Amino acid sequence: MHFEDTLEFALAMDARDPMRPYRAEFIFPQHDGRPVLYFCGNSLGLQPKAVRQALMDELDQWGTHAVEGHFRGERPWMYYHKFLQPQSADLVGAKEQEVVVMNTLTTNLHLMMVSFYRPTQQRYKIIMEAGAFPSDQYAMETQARYHGFDPADAVVEVAPKAGSHTLETDDILDVIRQHGDQVALVMFSGVNYYTGQFYDIPAITRAAHAVGAYAGFDLAHTAGNLPLQLHDWNVDFAVWCSYKYLNSGPGGPSGIFVHERHGHNPELPRFAGWWGHNEAERFKMRKGFQPMEGAAGWQMSNAQILAFAAHRASLDLFMAAGIDNLRVKSLALTAYLEFILENVNRDRPLFEIITPRDPEARGCQISTLTDQRGKIFSIT
Ligand SMILES: *Cc1c(COP(=O)(O)O)cnc(C)c1O
């Protein structure tokens, strides 16, 4: 791609950007009376304008129907998770039954590990990337402890080679093979939150399966960032949040993926609640848990309707824009940022770009590392 480091060039790119109208669908914070340039969507996505009405609709539903809102109106609360399944499935490349929105991210990571981390004395290790998001580190550490293992032994971290910030796929696969039949679970992020590296999910999944382990992924920085094919890649399970790339508001709900080969196995252990129970029987209030088919069988509690409503409004925008179109734009925009940063750095190196240079090995992120002045250095 041909780039120029001028305002005219950037404005010309903008003018012929088919994604451009979507900018007007979001509320930008103001600074000195002008909308900010927002580079923090990886932490909290901007508010889609449609969220306000979506919340009002559910408040009206509550006001109009009170408890009958579970069964009446355009989107009865009883079935609310179904109104998010097609969009979620599309975003992560899954069948509708393989996904469900529920709870929050770290909670779901633990719930998935109840089903997919069942260590034995022989097979108990978890392989993960070094420098994973702290919540995931704490989850792995405490899961290992909960099952009576020493995390220092049970949790194996794959670290970058000296002088590098990112992982070689071969190194990841080697570590999985080295620990072989001691590996219970390979648990990676999709895109690492810090370096922006997009791991080779199909290769990691194949290697995990080859040693008889499960492969799980935390897609907090991946879902809504780039297209995924979780079903075809044969991933066992995945979890993600909705408030970062997916713009669904602070504390927004989480999504889970459970591959259909597990989702249709009622024998798979899980921590159950009434919302995962056979829908037709749910309000009979009887003993004996019968899980719903697919990921829905992992639901515990009734849906957090207001949070789900905001999520639905945001997902509608993703469906309208299309994740493949967003990826095209993201590849161009990220490459342009890289080009600008390299220009800034040319004469007097101020920082190091630690995100992989290969566009296929990253999402819409460029991480820079500077040994001095950090946040306050100015590139103008
Ligand atoms: C943001 C993030 C979390 C945060 O989890 P919550 O339970 O939603 O607070 C956990 N893991 C990863 C990888 C994240 O990026």
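The model used throughout is predicted.

**Exercise 1.** Examine the side chains of threonine 106, aspartate 218 and lysine 244, and state which ligand atom lies by a polar atom of each.

*Solution.* Start with threonine 106: a polar atom of its side chain is 2.6 Å from an oxygen atom of the ligand. Next, take lysine 244, where a polar side-chain atom is 2.6 Å from a ligand oxygen atom. Last, aspartate 218 places a polar side-chain atom 3.3 Å from a nitrogen atom of the ligand. With a limit of 3.5 Å for a polar contact between N or O atoms, the distances for threonine 106, lysine 244 and aspartate 218 qualify.

**Exercise 2.** Divide the protein chain into its assigned domains and describe the contact between domain 1 and domain 2.

*Solution.* The contact draws 18 residues from domain 1 and 18 residues from domain 2. Between the C-alpha centres of the two domains the distance is 29 Å.

Second, take the area. About 1500 Å² is buried between domain 1 and domain 2, and carbon and sulfur atoms give 59% of this. On the domain 1 side, Tyr22, Ile354 and Gln365 lose the most area to domain 2, together 31% of what that side buries.

Third, consider polar and charged pairs. Eight residue pairs are in polar contact between the domains, counting pairs with both residues at pLDDT 80 or more. Salt bridges across this interface number zero.

By class, the side holds eight nonpolar, four polar and six charged residues.

**Exercise 3.** Count the salt bridges in the whole structure, then locate the partners of the one between lysine 82 and glutamate 279.

*Solution.* The whole structure contains 15 salt bridges. In one of them, the side chains of lysine 82 and glutamate 279 meet at 3.1 Å, N to O. Lysine 82 sits in the loop between helix H2 (50–65) and helix H3 (85–92), and glutamate 279 in the loop between helix H9 (260–263) and helix H10 (305–321). The pair thus links distant parts of the chain, 197 residues apart.

Methods:
Residues are numbered from 1 along each chain as its sequence is written. This is a predicted model: local features need pLDDT of at least 70, side-chain atom pairs count only at pLDDT 80 or more; totals for chains, interfaces and linings use all residues. Side-chain values use heavy atoms; hydrogens and water are left out. Domain bounds come from an automatic or database domain assignment. Contact means heavy atoms within 4.5 Å. Buried area is the accessible area (1.4 Å probe) that two parts lose on being put together, summed over both. A salt bridge is a side-chain nitrogen of Lys or Arg within 4 Å of a carboxyl oxygen of Asp or Glu. A polar contact is a pair of N or O atoms within 3.5 Å; within protein, one must be able to donate a hydrogen and the other to accept it, and residues adjacent in sequence count only if both atoms are side-chain atoms. Ala, Val, Leu, Ile, Met, Phe, Trp, Tyr, Cys and Pro count as nonpolar, Asp, Glu, Lys and Arg as charged, and the others, Gly among them, as polar. Helices (H or I, at least four residues) and strands (E, at least two) are DSSP runs, numbered from the N terminus.
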